[in-house]
Amino acid sequence: VRETAQRVALDILSSRTGIEALYQIADAARTLAHARYAALGVADGSGGLQEFVTVGITEEQERAIGRRPVGEGLLGLLLRSKHPIRVGNLADHPDVVGFPPNHPPMHSFLGVPIRHGDSVIGSLYLAVREGGDGFTENDEAAVQALGAYAAVAVHNLRMLAQQTSLVNGLINAQEEERRAVAYDLHDGLTQYVMAAHAHMESCRSARLKGDDDRFDREAGSAMRYLQAAVSESRRLINGLRTLALDERG
């Protein structure tokens with residue numbers, strides 16, 4: 001049983017990543033344990049569920065059920081437990097909080113924590129063993145073996161989420177920097193260049209009219225604005241250097 005679970009898990013992990021791998025592992029657990037329904041939950045680190053994927057329930061049923069579980073009752077208990085929970089009849093378990101409207105009836109239940117090191121990072125949930133009997137020790141062993149490999153998929157999903165968050169943060173930071181530079185260009189450098197251009201136009205007009213005094217005044221003003229533009233350009237270029245580089249010398 002464990003060898004079958006290992007082979008199935010390795011096949012999944014070699015060809016699937018992210019949420020797709022979670023669906024495939026949940027479906028493999030359903031097949032190994034002869035269950036009608038299966039789900040895989042990813043812990044959010046605060047006692048609830050970050051992700052919850054199901055197999056065996058149709059899209060129409062999911063829409064009718066509505067909000068997905070967030071980690072209450074027996075599902076939440078599994079996120080705090082390091083051992084599997086096997087129940088012949090869910091109604092008899094004290095931590096069951098009931099089902100939402102339109103949820104299919106479920107009686108037999110098998111839950112297996114997904115562990116990464118000493119931490120529980122998710123759980124596999126199976127319900128309604130085909131044939132009417134409850135889940136067996138062999139079912140539990142098979143799902144536990146699969147759960148060891150499911151930890152790899154869940155850990156990879158978390159790492160992918162962290163990387164995505166980091167990339168989004170970098171993009172947002174770059175966008176803020178771009179806006180800041182655009183603001184400085186508009187309100188600083190561009191204004192100096194436009195002022196210099198206006199005085200140069202006045203210089204040309206003064207030259208055509210033969211007004212040497214005005215020409216000298218306008219040329220002097222144009223030079224001062226161009227010098228200010230050079231200083232502003234240097235300030236902007238220095239400001240583009242990442243501050244972290246200054247901190248590292």
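Colleague: What does E140 form a salt bridge with?

Modeller: E140 pairs with R86, and their closest N and O atoms are 2.9 Å apart. By salt bridge I mean a side-chain nitrogen of Lys or Arg within 4 Å of a carboxyl oxygen of Asp or Glu. Keep in mind that this is a predicted model, where local features need pLDDT of at least 70 and side-chain atom pairs count only at pLDDT 80 or more, while totals for chains, interfaces and linings use all residues. Residues are numbered from 1 along each chain as its sequence is written, and side-chain values use heavy atoms, with hydrogens and water left out.

Colleague: Is E140 buried or exposed?

Modeller: E140 counts as buried, at 17% relative accessibility. R86 counts as partly exposed, at 38%. The cut-offs are under 20% relative accessible area for buried, over 50% for exposed, and partly exposed in between, with a 1.4 Å probe and protein chains only.

Colleague: How many salt bridges does the structure hold?

Modeller: Nine. One of them joins R129 and D139, at 2.5 Å from N to O. That pair links distant parts of the chain, with R129 in strand 5 and D139 in helix 5, ten residues apart. R129 and D139 are both buried.

Colleague: And what about R235, which residue does it form a salt bridge with?

Modeller: With E232, where the closest N and O atoms are 2.7 Å apart. R235 and E232 are three residues apart in helix 6, so about one helical turn separates them. R235 is partly exposed, with a relative accessible area of 43%, whereas E232 counts as buried at 11%.

Colleague: OK, new topic. Which residues form the negative surface patch?

Modeller: D211, D212, D213 and D216. Patch residues have over 30% relative accessible area and no salt bridge; like charges are joined within 9 Å, and nonpolar side chains (Val, Leu, Ile, Met, Phe, Trp, Tyr) within 5 Å. Asp and Glu count as negative and Lys and Arg as positive, with His and the chain ends not counted. Each charge is placed at NZ of Lys, CZ of Arg, CG of Asp or CD of Glu.

Colleague: Where is D213 found?

Modeller: In helix 6 (residues 212-239). D213 is exposed, with a relative accessible area of 55%.

Colleague: Now the inside. Which residues of helix 4 are buried?

Modeller: In helix 4 (residues 73-80), the buried ones are L74, L75, G76, L78 and L79. They pack against strand 1 (35-43), strand 2 (49-55), strand 3 (85-87), strand 4 (109-116) and strand 5 (119-129). A contact here means heavy atoms within 4.5 Å.

Colleague: What is M106 in contact with?

Modeller: Leaving aside neighbours within four places in sequence, M106 is in contact with Y37, I57, L90, F99, A127 and V128. M106 sits in the loop between strand 3 and strand 4, and at 17% relative accessibility M106 counts as buried.

Colleague: V128 came up there. What is its phi?

Modeller: Near 65°, a positive value in a residue other than glycine. Most residues other than glycine have a negative phi. V128 is in strand 5 and counts as buried at 1% relative accessibility. N102 also isn't a glycine and has a positive phi, of about 70°. N102 lies in the loop between strand 3 and strand 4, and at 54% relative accessibility N102 counts as exposed.

Colleague: Last one, the overall picture. How many helices and strands does the chain have?

Modeller: Seven helices and five strands. Along the sequence the pattern reads α-α-β-β-α-α-β-β-β-α-α-α. The chain has 249 residues, and 34% of them count as buried. Among contacts between residues at least 6 apart in sequence, 61% join residues at least 24 apart.

Conventions:
Accessible areas come from the Shrake-Rupley method with a 1.4 Å probe; for residues, only the protein chains shown count as cover. Helices (H or I, at least four residues) and strands (E, at least two) are DSSP runs, numbered from the N terminus.
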